[in-house]
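Subject: Structure handover and notes

Dear colleague,

I am handing over the structure below, followed by an account of what was found in it. Please read the notes with the coordinates open beside you.

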Amino acid sequence: MAERKRQLVANELTEAALQSLALKGFDAVTIDEIATAAGVSKRTFFRYFASKEDVVVQFLADMGAGIRTELAGRPAGEQPSVALKHAVWVSMAACGDHSGHAARALRVVQLILRTPALLARFLERQAQWRDDLAAELAHRLELDPETDLYPRLAAGMALTAYDAVLRRWSDSDGAEDPAALIDRAFAVIAPALDAPGAGSPRPTT
């Protein structure tokens, strides 16, 4: 129960912080405002996060975990391009939601992409996501992550497509359909991801 309560408070703080930061801008929002919006004290805020930036970093960490979990759950025989597209889409699903979630997601994405400190942390997190996806791909395809180039290259291509789509969607102020953008991006990289032998396990000798 204690852990569940802690998670609920963390979720409320994250939601309040992201909404405030996205609406007013990163530099304009104080920790006091975030705590007040979440209905907690400033001291409680610091029990969960060391700074405003840490709220966003944790949000990004959760996104990355969702991508890897989705990839791990895809059918074993699925083509890499299909599995990776579904995995990447998990973190973008809110972008395609036609309710208020899409508007909130757009504000958060634009906040991250337009705030240098947050963009740096986002790119840092993407590097970790690439490592995680590469490890998962190697496991799925029975490849050696230390010697085979495919897992890391494939993970890098998938995340480059993801980044390009996010930026295009952000620049259009949400006018473009993120699902359609993902389809277009993966149509470009699918031939390389699914090339015969590209991700095939090495024959045993």
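Read along the sequence, the chain follows the pattern α-α-α-α-α-α-α-α-α, and its secondary structure comes to nine helices and zero strands, where helices (H or I, at least four residues) and strands (E, at least two) are DSSP runs numbered from the N terminus. This is a predicted model, in which local features need pLDDT of at least 70 and side-chain atom pairs count only at pLDDT 80 or more, while totals for chains, interfaces and linings use all residues. Residues are numbered from 1 along each chain as its sequence is written, and side-chain values use heavy atoms, with hydrogens and water left out.

Overall picture

The C-alpha trace of the chain spans about 65 × 40 × 30 Å along its principal axes. Of the 205 residues in the chain, 43% are buried, where buried means under 20% relative accessible area, exposed means over 50%, and partly exposed lies in between (1.4 Å probe, protein chains only). Taking contact to mean heavy atoms within 4.5 Å, 68% of the contacts between residues at least 6 apart in sequence join residues at least 24 apart.

The nonpolar core

A nonpolar core is here a set of buried Ala, Val, Leu, Ile, Met, Phe, Trp, Tyr and Cys residues joined through side-chain atoms within 4.5 Å. The largest such core has 58 residues, and those with the most contacts inside it are Leu 84, Phe 122, Trp 129, Tyr 162 and Phe 186. Among the helices that each supply at least two residues of this core are H1 (2-24), H4 (52-73), H7 (116-141) and H9 (178-193), while H8 gives the most, with 10 residues. Trp 129 touches Leu 60, Met 63, Gly 64, Ile 67, Phe 122, Leu 159 and Tyr 162, not counting residues up to four places away in sequence.

Which side chain of opposite charge is nearest to Lys 52? Lys 52, which is found in helix H4, is buried yet has no salt bridge, and the nearest such side chain, that of Asp 27, is 5.1 Å away. The side chain of Lys 52 does reach the backbone oxygen of Phe 26 at 2.6 Å and the backbone oxygen of Val 29 at 2.8 Å. The residues that Lys 52 touches, not counting those up to four places away in sequence, include Leu 21, Ile 31, Ile 34 and Phe 45.

Arg 140 lies in helix H7; Arg 140 is likewise buried without a salt bridge, and the nearest side chain of opposite charge, Glu 78, is 4.8 Å away. A polar atom of the Arg 140 side chain lies 3.0 Å from the backbone oxygen of Pro 75. Not counting residues up to four places away in sequence, Arg 140 touches Leu 71, Ala 72, Arg 74, Pro 75, Ala 76, Glu 78 and Ala 83.

Aromatic pairs

Rings of Phe, Tyr and Trp (its six-membered ring) pair if their centres lie within 6.5 Å, with planes under 30 degrees apart counted as stacked, over 60 as edge-to-face and the rest as tilted. By this rule the count comes to four aromatic pairs. The rings of Phe 45 and Phe 46 have their centres 5.4 Å apart and their planes at 90°, so this pair is edge-to-face. Phe 45 and Phe 49 form a tilted pair, at 5.8 Å centre to centre with 45° between the planes. Ring pairs thus link Phe 45, Phe 46 and Phe 49 into a cluster, in which Phe 45 and Phe 49 are buried, whereas Phe 46 is partly exposed, with a relative accessible area of 40%.

Loop residues

Most residues other than glycine have a negative phi. Glu 142, however, has a positive phi of about 55° although it is not a glycine; Glu 142 lies in the loop between H7 and H8 and counts as exposed at 64% relative accessibility. Asp 173 also has a positive phi of about 55°; its place is in the loop between H8 and H9, and at 52% relative accessibility Asp 173 counts as exposed. Gly 174 lies in the loop between H8 and H9 and is partly exposed, at 31% relative accessibility.

Best regards

Methods. Lys, Arg positive; Asp, Glu negative; His and termini not counted. Salt bridge = Lys/Arg side-chain N within 4 Å of Asp/Glu carboxyl O. Polar contact = N/O pair within 3.5 Å; in protein donor to acceptor, adjacent residues only side chain to side chain.
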